[in-house]
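Hi there,

Here is the structure I promised to pass on.

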Amino acid sequence: MTTSDQYRDSEQLLLALAEQLKLPLMHISQHIELAKMGKEVRYEHIESVADMALHLIDSYLLSRQLSQAQAELQFEPVSISSVLQGAAERLDKIAQEYSCDIELHLSGRYAPVMGHRKSLEAAMVSLGYSFIEAQQESGVRKPRLVLGAHKSRWGIVAGTYGNHKELTNDMFQRAKLLHGRARQSLPTFGHSSSAGIFVADSLFAAMSGKLHVSHHSKLSGLAVTLAPNPQLILV
Amino acid sequence: MKILLIEPDKILAGNYKDALEQSGHNVSWRPSAQSAIHQADSERADIVILELQLPSHNGIEFLYEFRSYPEWQDIPVIVLSLVPEESVTGGAKLFEQLGVARFLYKPQTKLRQLVSVVNYLEPAVV
């Protein structure tokens with residue numbers, strides 16, 4: 001990727017992020033206005049949307065630092081189960097606000113992978129946030145977010161899944177070309193700029209991973225395939 | 001007044017509903033254009049509040065469909081959107097053609113401003 005490509009990519013990601021951040025800021029502003037009108041202050045909600053907005057900003061900054069090689073990636077043996085568990089815990093509050101159930105699907109033992117734990121968890125949280133936000137619009141009575149991993153012939157597939165049957169690889173690739181230029185680059189997925197997905201994509205790309213459409217337990221979602229390193233089991 | 005609120009974000013919809021109901025209005029919330037058409041079909045609204053950025057169909061498509069039915073042509077529509085008016089192809093002229101009574105840019109519209117605009121608008125005479 002040339003410097004101008006990197007700059008354009010960074011600018012598009014920033015535009016998508018700016019669009020996305022309008023939502024949590026409006027939530028906070030309106031809750032305060034409602035409190036002034038005599039309604040009960042929902043501190044839990046204000047806290048969870050503010051935390052998620054800060055997470056998105058931090059994840060964006062991390063992805064930029066990694067892609068511009070300002071931060072050296074300290075790869076380490078990482079347990080995918082632990083990464084998904086950590087992401088689920090961080091998403092718990094915002095999921096409750098959107099009445100979305102979080103499920104962890106970990107089938108069996110996975111060999112450790114070489115990765116950057118902080119970036120992997122940040123990417124999973126960003127992905128999960130976009131899925132939670134998008135599911136409220138799908139008309140599903142009981143929205144659910146599955147953070148899951150399964151083995152495939154290419155490695156361990158780890159990602160976030162929900163009721164998004166219409167999500168295809170073609171659609172995702174088109175959305176990657178459109179994000180930052182179109183307001184809704186994934187229109188059938190959700191109404192927002194889905195910045196969390198593109199931030200996650202950027203984080204995985206910095207770790208030489210590739211976000212792709214995946215299926216898990218009859219659900220569709222986005223995942224990354226990580227190659228296990230059997231030697232790490234002996235470490 | 002009976003208000004049909006078309007807003008994809010559940011939390012924002014709840015806030016608008018709270019503010020409008022406190023002012024004595026009756027609000028039906030729908031998150032998508034398709035579900036809003038069904039709602040409008042089952043219960044006539046006095047005013048429609050519409051976000052343009054919706055999942056699947058966008059708000060402009062909804063407006064074209066909504067205005068194509070004679071019984072809904074005179075219902076005032078307030079566009080309350082994350083998209084600024086000048087960013088929409090056709091802009092103010094298009095919204096005038098589609099019978100949009102007011103265009104409000106959501107991030108800069110306080111709840112009390114929305115309530116004032118709704119209170120000011122007269123419902124359509126059936």
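Axes here are lines fitted to C-alpha atoms, for helices over the stretch in contact, and angles run from 0 to 180 degrees between N-to-C directions. Two residues are in contact if their C-beta atoms, placed from the backbone, lie within 7 Å. Helices (H or I, at least four residues) and strands (E, at least two) are DSSP runs, numbered from the N terminus.

Please keep in mind that this is a predicted model: local features need pLDDT of at least 70 and side-chain atom pairs count only at pLDDT 80 or more, while totals for chains, interfaces and linings use all residues. Residues are numbered from 1 along each chain as its sequence is written, and chains are lettered from A and ligands numbered from 1 in the order in which they are written.

Now to the sheet. In chain A, five strands make an open sheet with mixed pairing, in the order 2-4-5-7-6; two strands pair if DSSP finds at least two bridges between them. Strand 2 (101-106) and strand 6 (211-216) of chain A are at the edges with a single partner strand each, so one side of each has no neighbour in the sheet. From one strand to the next, the twist averages 30 degrees. Six bridges join strand 6 of chain A to strand 7 (residues 219-226) of chain A in the antiparallel sense, and A:S214 has A:G221 in strand 7 as its bridge partner.

The loop between strand 6 and strand 7 of chain A holds A:K218, whose phi is near 65 degrees, a positive value in a residue other than glycine. Most residues other than glycine have a negative phi. A:S208 is exposed, because 8 other C-beta atoms lie within 10 Å (buried means 20 or more other C-beta atoms within 10 Å of a residue's own, exposed 12 or fewer, and partly exposed in between, with C-beta atoms placed from the backbone). A:K218 is exposed, with 8 such atoms within 10 Å.

In helix 6 (residues 195-206) of chain A you will find A:D201, which is buried, with 25 other C-beta atoms within 10 Å. A:D201 touches A:K176 and A:L211, leaving aside residues up to four places away in sequence. Between A:D201 and A:V224 there are 9.1 Å from C-alpha to C-alpha, and they are 23 residues apart in sequence.

There is a helix pair to look at too. Helix 2 (residues 43-67) and helix 3 (residues 80-97) of chain A pack at an angle of about 125 degrees, with axes 9 Å apart. The contact involves A:H45, A:S48, A:V49 and A:M52 from helix 2 of chain A, and A:K93, A:I94 and A:E97 from helix 3 of chain A.

Finally, the two chains: 20 residues of chain A are in contact with 22 residues of chain B. On the chain B side, helix 1 (residues 10-22) of chain B gives the most, with seven residues.

Happy browsing!
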